[in-house]
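Please open the model in your viewer and keep the selection tool at hand. The stops below say what to select in turn and what is to be found there.

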Amino acid sequence: MIVVLLGPPGAGKGTQGERIAERLAVPKIATGDVLRSAIREGTEQGLAAKSYMDRGDLVPDSVILGIMKEVLAAPSASKGAVLDGVVRTVPQAEGLWMMLAELGRKVDRFLLFDVDEDELVQRLSGRTVCDSCQTPYKGVEPGTKCPKCGGTLVRRKDDEPESIRNRLEVYRAQTQPVIEWCKEKKMALVEIKATGDLDEITDLAMKALLEP
Ligand code: AP5
């Protein structure tokens with residue numbers, strides 16, 4: 001099953017993506033994580049992406065589609081994948097659709113996480129992430145060791161107030177049109193209220209995915 005997670009920054013795509021991928025026994029592929037690893041490793045791709053990401057702007061579509069081509073062709077994605085943050089512009093949605101069609105595959109569900117803007121800002125301002133496995137945490141101080149892998153928790157540069165504001169603007173201007181695109185193309189799009197208990201949100205997501 002191929003699932004695309006949509007939603008504004010801080011909606012819980014990373015948090016829920018991990019849980020959904022585990023339940024479906026498929027990998028979670030997050031373009032944000034792939035790009036942050038490239039930055040840490042100092043690759044050409046990472047260096048090119050860094051300034052866009054720090055400002056909270058989108059990395060060019062060609063870079064994202066290149067990453068997607070590679071990851072979808074990998075044997076680990078043969079049974080499906082949970083795609084976190086991948087389709088952020090209409091050209092990306094069209095590119096992914098064509099790429100999958102060439103492989104005889106399709107997106108089975110688009111899940112849209114809905115969270116009020118005030119809560120998004122609050123979540124992002126209080127978030128730390130592991131510098132190694134990228135797991136996000138809430139209310140845990142930077143410098144703490146990651147309980148999952150022993151990495152160090154850090155604040156993301158794009159979680160500074162100015163970047164958060166820009167990311168929300170960019171979401172409205174460039175990613176919300178993808179929702180209209182899904183509707184026009186009659187894609188299987190399900191909206192989920194993504195506030196409150198994490199287990200309840202995961203259950204709602206799984207129900208939406210497994211319903212015919
Ligand atoms: P990316 O890393 O994808 O960031 P994002 O989309 O802005 O999303 P976030 O990671 O900030 O939030 P999330 O929805 O995953 O929420 P999380 O689970 O962490 O992208 C970063 C950058 O990379 C982009 O700005 C862009 O530059 C570039 N990029 C990536 N993909 C791209 C693409 N396709 N095209 C172009 N550029 C691209 O949760 C947030 C916090 O809330 C956490 O602390 C968490 O613990 C907490 N939380 C989660 N759920 C709940 C809940 N139910 N209640 C309370 N707190 C909760």
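Select Ala25 first: this residue is exposed, with a relative accessible area of 63%. Here exposed means over 50% relative accessible area, buried means under 20%, and partly exposed lies in between (1.4 Å probe, protein chains only). Ala25 sits in the loop between helix 1 (13–24) and strand 2 (28–30). Helices (H or I, at least four residues) and strands (E, at least two) are DSSP runs, numbered from the N terminus. The phi of Ala25 is positive, near 55°, in a residue other than glycine. Most residues other than glycine have a negative phi.

Before continuing, note that this is a predicted model, in which local features need pLDDT of at least 70 and side-chain atom pairs count only at pLDDT 80 or more, while totals for chains, interfaces and linings use all residues. Residues are numbered from 1 along each chain as its sequence is written, and side-chain values use heavy atoms, with hydrogens and water left out.

Next, select helix 2 (residues 31–41) together with helix 4. Their axes come within 11 Å and cross at roughly 100°, which makes helix 2 roughly perpendicular to helix 4. Axes are lines fitted to C-alpha atoms, for helices over the stretch in contact, and angles run from 0 to 180 degrees between N-to-C directions. Angles under 35 degrees count as roughly parallel, over 145 as roughly antiparallel, 65 to 115 as roughly perpendicular and the rest as oblique. Thr31, Val34 and Leu35 of helix 2 make the contact with Val63, Ile64, Ile67 and Met68 of helix 4. Contact means heavy atoms within 4.5 Å.

On the helix 4 side, the contact is made by Asp61, Ile64, Leu65, Met68, Lys69 and Leu72; on the helix 5 side, by Pro91, Gln92, Gly95, Leu96, Met99 and Leu100.

Within helix 5, select Val90. At 25% relative accessibility, Val90 counts as partly exposed. Which residues does Val90 contact, leaving aside its neighbours within four places in sequence? They are Gln174, Pro177, Val178 and Trp181. A C-alpha to C-alpha distance from Val90 to Val190 gives 18 Å, across 100 residues of sequence.

Glu94 is also found in helix 5, and is partly exposed, with a relative accessible area of 34%.

Now select helix 7 (residues 161–184). At 1.5 Å a residue, its 24 residues should span 34 Å, and its end C-alpha atoms are 34 Å apart, which agrees; the expected span is 1.5 Å times one less than the number of residues. Centre the view on Arg172, where helix 7 has a kink of about 40°. The bend at a residue is the angle between axes fitted to the seven residues ending there and the seven starting there. The buried residues of helix 7 include Val178 and Trp181, both of which are in contact with Val90.

Finish at Lys186, in the loop between helix 7 and strand 8 (189–193). Lys186 is exposed, with a relative accessible area of 73%, and has a positive phi, near 55°.
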